[in-house]
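Q: Please take one part of the structure below and walk me through it closely. After that, I would like to hear how the other parts are put together.

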Amino acid sequence: MVAQQASIEIAGSVIHCRGRWTLQNLADLERQIRALQWPEVVALTYDASHVTAMDTGGAVLLQETITDGRHRGQQLSLRGLQQEFEKLLQLAGIQAKAMVSGPSASRPGWIERLGQAAWQQLESGARGLAFLGESTVAFLHAARHPRSIRWRSLLRVLHMDGVNALPITGLLTFLIGVVIAYQGAEQLKKFGTNIFIVDLIGISLLREIAPLIVAILIAGRSGSAYAAEIGTMKVTEELDAVRTLGISPMSLLVLPRTLALVIALPLLTVYADVMGVFGGMLIASGQLSVSFAEFVTRFEEAVAVRHFLIGIGKAPFFAVIIALVGCYQGFQIRGGVDDVGRHTTISVVQGIFLVIIFDAICSILLNWWDL
Amino acid sequence: MPPAMKTETPVIEISHVSTRFGAAVVHADVSLSVQRGEVFAIAGGNGCGKSTLLREILGLLTPSSGSIRLFGVDSRLLEEYDGRAIHRRFGVMFQHGALFSSLTLEENVVVPLREHTTLSPRLLRDIVAAKISMVGLPPDSAAKYPSELSGGMRRRAALARAIVMDPELLFLDEPTAGLDPMIAAGFDDLVLSLKGLLGLTVVMVTHDLDSLWRIANRVAVLGNGKVLGVGTMQELSQSEDPVIREYFHGPRGRAASEQAAWNVRGRET
C-alpha cells in the first residue's frame, strides 16, 4: 500500500481504517465506503490505529459512517485513534448532533408564496410612488430656488451624457435614415413616385424614429450608469455619508441628472433628425435620383413643422422617464455587488419599456386631436 | 516550537524583494522567511507596504525584483499550470472578508471544495457545517447572505472559507481590524485553537498590538521600505530602532505590553 493513500476494509467485526484520511483521499474513501458490504453484526469496532493523518474532512467522513451505523441499529466503537485526531472527531460529532437537532427550514406553501409575491409588488409600487413624490417636491423646490440647483454637476452630466453621446447617436440615426430610404425606395420605384421618399423619411424620422432611437440609446447609456453609480454609492455607504452631511441625495444626484437629460435629449434629437435625414438624402439621390436640391424643396413643402415639434416635444418627457427610472433603481439596491447588476439591467429594460408606452399613448392622443 | 526547525525548507521564503510603483519605492530589498508551524506577523505603520507584501506572496502582484517562494515554488508561477496544487495548500482571509455577495454563507464556504474535490453532496454539506461551527458561527447563519451578517460574523465566515480545505498555511489580512476588543480577543483565541487543531502555519498582517502580543511567535516590523526588525515581541520591544520604539512604546503599545505581561503573570501564578 502506498503511504499516500487511505483505505477502509471490513474483516469480521472489525473495520480497518488505514492511511491518510485527508481531503485528497476523501473522494476515493467515499467510493470505498459505498462499495462496503456491511455485515449483519450487532457490534462493530473501528480499528483506526493505522490512520497516519486526518484532517477535518476525514473526521467528518468517519463520523458520517459511524452515524450511519447507529441508524442501522449497530453498536460501534472506536479504538486506536491518535489523540490529536480524536479531538477533530469529537468536533465533527458535536456538529453531527447539532445538525440533527437543528430546526429544518420548511418551504412555504404556494398561497404564502403568492401572497409574498403580491405584497412585494405592492411594496415596490408604493416605493416607486414615494420616489416620484419626493422627486416632484425636489423639483418644485428647485424651481422656486434656482440657486439651489447644483449647476456644476449638472454641466458635468450634460457633458458626459449629452456631448459624449453625439458620435454614437449621429452614426446610429444616419444608418437608420439609410435603411429606411433603401426600404422605401424599393416600393416607391414601383409606382414611379420617387419624390415621396422625402415625406417618408421626413415624417417618420422627425416625428417618431429619431426621438425613440435617441431615448433608447440614452436609456442604455445613461439610465444604466445612473443606477450603477447611485447603487455603488449606496453599497459603499457614500449615500449615508451624503445624508449625514445634511445634503439631500435628491438635490445632489437626482436633480442634476434629470435636468441635464431634459436639456440634452431634445438637442440630441435635433442632431439625430439632421443626421437621419442626411442619410436618407444620400440614398434618395443614389437610388431614386432625387437630387439634394429637389429633396430640400420637397422637404419644406411636405414636412410640416408640427412633426418636428412633436418629435422634440416628446424628448423631455423621455428624459424624465429615463433619468428617474435609472436613479430610482439605483436607490433600490440593497445588498451587494450582484444587486447592482440586477438593478442596472432593470433600469434599462424599465426605461425603454416606459418610453415606448409613453410614445404609444402620445400617438393615440395626437391622432385623436388630428395632429 | 517556532524557529527551532532550521533544517526544513521554509514555508515562505522572501529574498531581496523590491517593489516600486512608478517613483514610489514600497519595498527596498526585503528578505524574510516563515517556518512551518509558527504564527508569523507582519507589522508596521499604515502605508508601509504590509498588504503589498502579502499580495506579492499570494502571487496577486509581482515584485519589481527579487523572488518569493511559497512551499518552494516561485509565487510568480502560482497562476500557471501547477498553481492549483499550491492553491489547495493555503487559505486566505481578506481584510473585508471578500465573501461572494451573491452566495449564502454555506455556498461561500463550499466554493473551494467544489472547485478542487469530487466529494458527495452530503459530505460537502457536513464538512462545511463542521467548519462553520469551528469558527463559532451558529448553524442557522449558514443560509444567510453576507449582507445579512454583522462585520464580526463576516470575518468568521471568511475564516471558515479560508480553512475549509484544511490548508497548511493560513494568511490573515488585518484579522482584527475594526472588531470590538472582546470579539478581537475571541478571534485571536479562535486562530490559536484552529492552529492547535489543524496544525496551521499562520501568516498575518496586522497592527493590532494586543493580538501581536497574544498570538504571534515572531514579528517582522516593516518601515521605510525595509525590514526594521524580526523577532519575538519580547526581543522587538527591547529594540533600539527609533521607529520600532515609537511603534511599541507609544501609549497604546505600552498598554498592550503591560496587559501581555500581566497575562503572563496570571498564567504563572
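A: Helix 4 of chain A lies largely in the open, because the number of buried residues among its 35 is zero. Here a residue is buried if 20 or more other C-beta atoms lie within 10 Å of its own, exposed if 12 or fewer, and partly exposed in between, with C-beta atoms placed from the backbone. Helices (H or I, at least four residues) and strands (E, at least two) are DSSP runs, numbered from the N terminus. Please keep in mind that this is a predicted model, where local features need pLDDT of at least 70 and side-chain atom pairs count only at pLDDT 80 or more, while totals for chains, interfaces and linings use all residues. Residues are numbered from 1 along each chain as its sequence is written, and chains are lettered from A and ligands numbered from 1 in the order in which they are written.

The length of this helix can be checked too. Helix 4 of chain A covers residues 110-144, and its end C-alpha atoms are 51 Å apart, which agrees with the 51 Å it should span at 1.5 Å a residue. That expected span is 1.5 Å times one less than the number of residues.

Now to its packing partner. Helix 4 of chain A packs against helix 9 of chain A (residues 249-287) at about 90°, with the axes 10 Å apart. The axes are lines fitted to C-alpha atoms, for helices over the stretch in contact, and angles run from 0 to 180 degrees between N-to-C directions. The two helices are therefore roughly perpendicular; angles of 65 to 115 degrees count as such, under 35 as roughly parallel, over 145 as roughly antiparallel and the rest as oblique. From helix 4 of chain A come A:Glu134, A:Ser135, A:Ala138 and A:Ala142, which meet A:Met250, A:Ser251, A:Val254 and A:Leu255 of helix 9 of chain A. Residues are in contact if their C-beta atoms, placed from the backbone, lie within 7 Å.

Chain A as a whole has twelve helices and four strands, and 34% of its 371 residues count as buried. Of its contacts between residues at least 6 apart in sequence, 84% join residues at least 24 apart.

Across to the partner chain, 24 residues of chain A are in contact with 23 residues of chain B. On the chain B side, helix 4 of chain B provides the largest share, eight residues.

The largest nonpolar core has 97 residues, and B:Ala41, B:Ala160, B:Leu170, B:Val202 and B:Val219 touch the most other members. Helix 4 of chain B (residues 121-134) gives the most to this core, eight residues. A second, separate core of 59 residues includes A:Ile180, A:Ala215, A:Leu265 and A:Ile352. Such a core is a set of buried Ala, Val, Leu, Ile, Met, Phe, Trp, Tyr and Cys residues joined through C-beta atoms within 7 Å.

B:Val219 leads on to the strands, where it stands opposite B:Gly231 in strand 10 of chain B. Strands 9 and 10 of chain B run antiparallel, joined by five bridges, whereas strand 9 pairs with strand 3 of chain B in the parallel sense over four. Pairing requires that DSSP finds at least two bridges between the strands.

Methods:
Two residues are in contact if their C-beta atoms, placed from the backbone, lie within 7 Å.
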